[in-house]
Amino acid sequence: MDEQELVRRALEARHHAYVPYSHWAVGAALLTKDGTVYEGCNIENAAYTPTNCAERTAFFKAVSEGERAFAAIAIVGAYEKEEPEQICAPCGVCRQVMMEFCDPKTFRVILGTKDGVKVSQTLEELLPYGFGPDTLNKN
Ligand code: THU
(Lines give C-alpha, C1' and ligand atoms only; values in the text may rest on other atoms or scores of the structure.)
Protein backbone atom coordinates (compact mmCIF):
# COMPACT_ATOMS: atom_id res chain seq x y z
CA MET A 1 0.00 0.00 0.00
CA ASP A 2 1.84 3.15 -1.13
CA GLU A 3 0.93 6.75 -0.26
CA GLN A 4 -0.75 7.40 -3.65
CA GLU A 5 -3.02 4.39 -3.19
CA LEU A 6 -3.91 5.51 0.35
CA VAL A 7 -4.96 8.94 -1.03
CA ARG A 8 -7.09 7.12 -3.63
CA ARG A 9 -8.85 5.27 -0.77
CA ALA A 10 -9.43 8.60 1.05
CA LEU A 11 -10.99 10.04 -2.13
CA GLU A 12 -13.32 7.02 -2.23
CA ALA A 13 -14.25 7.39 1.46
CA ARG A 14 -15.09 11.05 0.89
CA HIS A 15 -18.06 10.04 -1.27
CA HIS A 16 -19.84 8.83 1.90
CA ALA A 17 -19.46 12.14 3.77
CA TYR A 18 -22.71 13.30 5.42
CA VAL A 19 -22.40 17.09 5.28
CA PRO A 20 -25.82 18.80 5.01
CA TYR A 21 -24.65 21.80 7.12
CA SER A 22 -21.11 22.76 6.07
CA HIS A 23 -21.14 21.00 2.67
CA TRP A 24 -17.43 20.39 3.28
CA ALA A 25 -16.77 16.73 2.53
CA VAL A 26 -13.69 15.01 3.97
CA GLY A 27 -12.37 11.50 3.40
CA ALA A 28 -9.68 9.63 5.32
CA ALA A 29 -7.93 6.29 4.88
CA LEU A 30 -6.07 4.91 7.90
CA LEU A 31 -3.39 2.26 7.30
CA THR A 32 -2.52 -0.21 10.05
CA LYS A 33 0.98 -1.63 10.44
CA ASP A 34 -0.25 -4.98 9.09
CA GLY A 35 -1.64 -3.39 5.92
CA THR A 36 -5.37 -3.09 6.67
CA VAL A 37 -7.09 0.14 5.61
CA TYR A 38 -9.99 1.71 7.53
CA GLU A 39 -11.87 4.40 5.62
CA GLY A 40 -13.70 7.30 7.30
CA CYS A 41 -15.78 10.31 6.32
CA ASN A 42 -17.12 13.26 8.29
CA ILE A 43 -20.61 12.82 9.72
CA GLU A 44 -22.43 16.01 10.66
CA ASN A 45 -25.40 16.53 12.98
CA ALA A 46 -28.26 19.03 13.24
CA ALA A 47 -27.03 19.87 16.75
CA TYR A 48 -23.60 20.66 15.19
CA THR A 49 -21.29 19.66 18.09
CA PRO A 50 -21.86 15.89 17.71
CA THR A 51 -20.21 16.12 14.27
CA ASN A 52 -17.39 13.64 13.79
CA CYS A 53 -14.43 14.39 11.52
CA ALA A 54 -13.37 11.91 8.84
CA GLU A 55 -10.08 11.14 10.57
CA ARG A 56 -11.72 10.30 13.88
CA THR A 57 -14.34 8.17 12.14
CA ALA A 58 -11.50 6.11 10.65
CA PHE A 59 -9.66 5.85 14.00
CA PHE A 60 -12.76 4.94 15.99
CA LYS A 61 -13.77 2.31 13.44
CA ALA A 62 -10.29 0.77 13.64
CA VAL A 63 -9.87 0.93 17.43
CA SER A 64 -13.36 -0.49 17.94
CA GLU A 65 -12.31 -3.46 15.77
CA GLY A 66 -9.28 -4.10 17.99
CA GLU A 67 -6.58 -2.29 15.97
CA ARG A 68 -3.88 -0.43 17.91
CA ALA A 69 -0.88 -0.26 15.54
CA PHE A 70 -1.05 2.42 12.85
CA ALA A 71 1.37 3.43 10.09
CA ALA A 72 -0.25 6.35 8.21
CA ILE A 73 -3.42 8.26 7.39
CA ALA A 74 -4.36 9.96 4.10
CA ILE A 75 -6.81 12.91 4.16
CA VAL A 76 -8.64 14.78 1.38
CA GLY A 77 -11.32 17.47 1.61
CA ALA A 78 -13.27 19.99 -0.45
CA TYR A 79 -16.80 21.33 -0.88
CA GLU A 80 -18.99 18.36 -1.72
CA LYS A 81 -19.70 19.31 -5.31
CA GLU A 82 -16.01 19.85 -6.10
CA GLU A 83 -13.03 17.54 -6.36
CA PRO A 84 -10.24 18.25 -3.82
CA GLU A 85 -7.75 20.59 -5.50
CA GLN A 86 -6.07 21.90 -2.33
CA ILE A 87 -4.90 20.07 0.75
CA CYS A 88 -7.19 19.77 3.80
CA ALA A 89 -5.16 19.62 7.01
CA PRO A 90 -6.49 17.75 10.05
CA CYS A 91 -8.02 19.80 12.87
CA GLY A 92 -6.38 19.99 16.29
CA VAL A 93 -8.79 17.51 17.86
CA CYS A 94 -7.97 14.90 15.21
CA ARG A 95 -4.22 15.49 15.66
CA GLN A 96 -4.70 14.84 19.38
CA VAL A 97 -6.55 11.57 18.67
CA MET A 98 -3.65 10.52 16.41
CA MET A 99 -1.30 11.35 19.32
CA GLU A 100 -3.18 8.89 21.53
CA PHE A 101 -2.63 5.88 19.28
CA CYS A 102 0.41 6.64 17.10
CA ASP A 103 4.14 7.13 17.46
CA PRO A 104 4.59 10.83 16.54
CA LYS A 105 8.09 10.16 15.17
CA THR A 106 7.01 7.52 12.63
CA PHE A 107 3.25 7.89 11.96
CA ARG A 108 2.78 9.64 8.61
CA VAL A 109 0.01 12.12 7.80
CA ILE A 110 -0.54 12.33 4.04
CA LEU A 111 -2.49 15.25 2.64
CA GLY A 112 -3.78 14.69 -0.88
CA THR A 113 -5.80 16.18 -3.67
CA LYS A 114 -7.55 14.70 -6.69
CA ASP A 115 -4.07 14.47 -8.24
CA GLY A 116 -2.51 12.45 -5.41
CA VAL A 117 -0.04 13.08 -2.57
CA LYS A 118 0.82 16.74 -1.88
CA VAL A 119 2.24 16.64 1.66
CA SER A 120 3.62 13.73 3.67
CA GLN A 121 4.83 14.51 7.18
CA THR A 122 5.21 12.81 10.53
CA LEU A 123 2.67 13.46 13.27
CA GLU A 124 5.46 15.14 15.25
CA GLU A 125 5.92 17.66 12.44
CA LEU A 126 2.19 18.44 12.49
CA LEU A 127 1.90 18.41 16.29
CA PRO A 128 5.22 19.42 17.86
CA TYR A 129 5.59 18.97 21.64
CA GLY A 130 2.41 16.86 21.58
CA PHE A 131 0.82 15.74 24.84
CA GLY A 132 0.22 12.00 24.74
CA PRO A 133 0.22 8.75 26.71
CA ASP A 134 4.02 8.81 27.06
CA THR A 135 3.86 12.14 28.90
CA LEU A 136 1.76 10.55 31.64
CA ASN A 137 3.71 7.26 31.70
CA LYS A 138 6.98 9.06 32.43
CA ASN A 139 5.64 10.37 35.73
N1 THU B 1 -13.62 18.18 9.16
C2 THU B 1 -13.05 16.94 9.07
O3 THU B 1 -13.75 15.95 8.76
N4 THU B 1 -11.74 16.81 9.35
C5 THU B 1 -10.92 17.83 9.73
O6 THU B 1 -9.81 17.60 10.18
C7 THU B 1 -11.39 19.21 9.58
C8 THU B 1 -12.87 19.37 9.55
C9 THU B 1 -15.06 18.32 8.90
C10 THU B 1 -15.89 18.66 10.09
C11 THU B 1 -17.10 19.31 9.45
O12 THU B 1 -18.01 18.30 9.08
C13 THU B 1 -16.54 19.95 8.19
O14 THU B 1 -15.27 19.36 7.96
C15 THU B 1 -16.39 21.46 8.28
O16 THU B 1 -15.68 21.82 9.41
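Guide: Strand β4 covers residues 108-113 and is mostly covered: five of its six residues are buried. Buried means under 20% relative accessible area, exposed means over 50%, and partly exposed lies in between (1.4 Å probe, protein chains only). Strands are DSSP runs (E, at least two residues), as are helices (H or I, at least four), numbered from the N terminus. This is a predicted model: local features need pLDDT of at least 70, side-chain atom pairs count only at pLDDT 80 or more, and totals for chains, interfaces and linings use all residues. Residues are numbered from 1 along each chain as its sequence is written, and side-chain values use heavy atoms, leaving out hydrogens and water.

Now the neighbours. Strand β3 (residues 70-79) pairs with β4 in the parallel sense, over four bridges. Two strands pair if DSSP finds at least two bridges between them. A74 has I110 of β4 as its bridge partner. From β3 the chain passes through helix α3 (residues 92-101) to β4, a right-handed β-α-β crossover. Right-handed means that, with the strands pointing away from the viewer, the path from the first strand over the helix to the second runs clockwise.

Strand β5 (residues 116-122) pairs with β4 too, in the antiparallel sense, over six bridges. V109 stands opposite Q121 in β5. A hairpin of two residues joins β4 to β5.

One last point concerns cysteines. The structure holds zero disulfides, a disulfide being a pair of cysteine sulfur atoms within 2.5 Å. The sulfur of C91 has its closest cysteine sulfur in C94, 3.8 Å away, so it is too far for a bond. C91 is partly exposed, at 32% relative accessibility. C94 is buried, at 1%.
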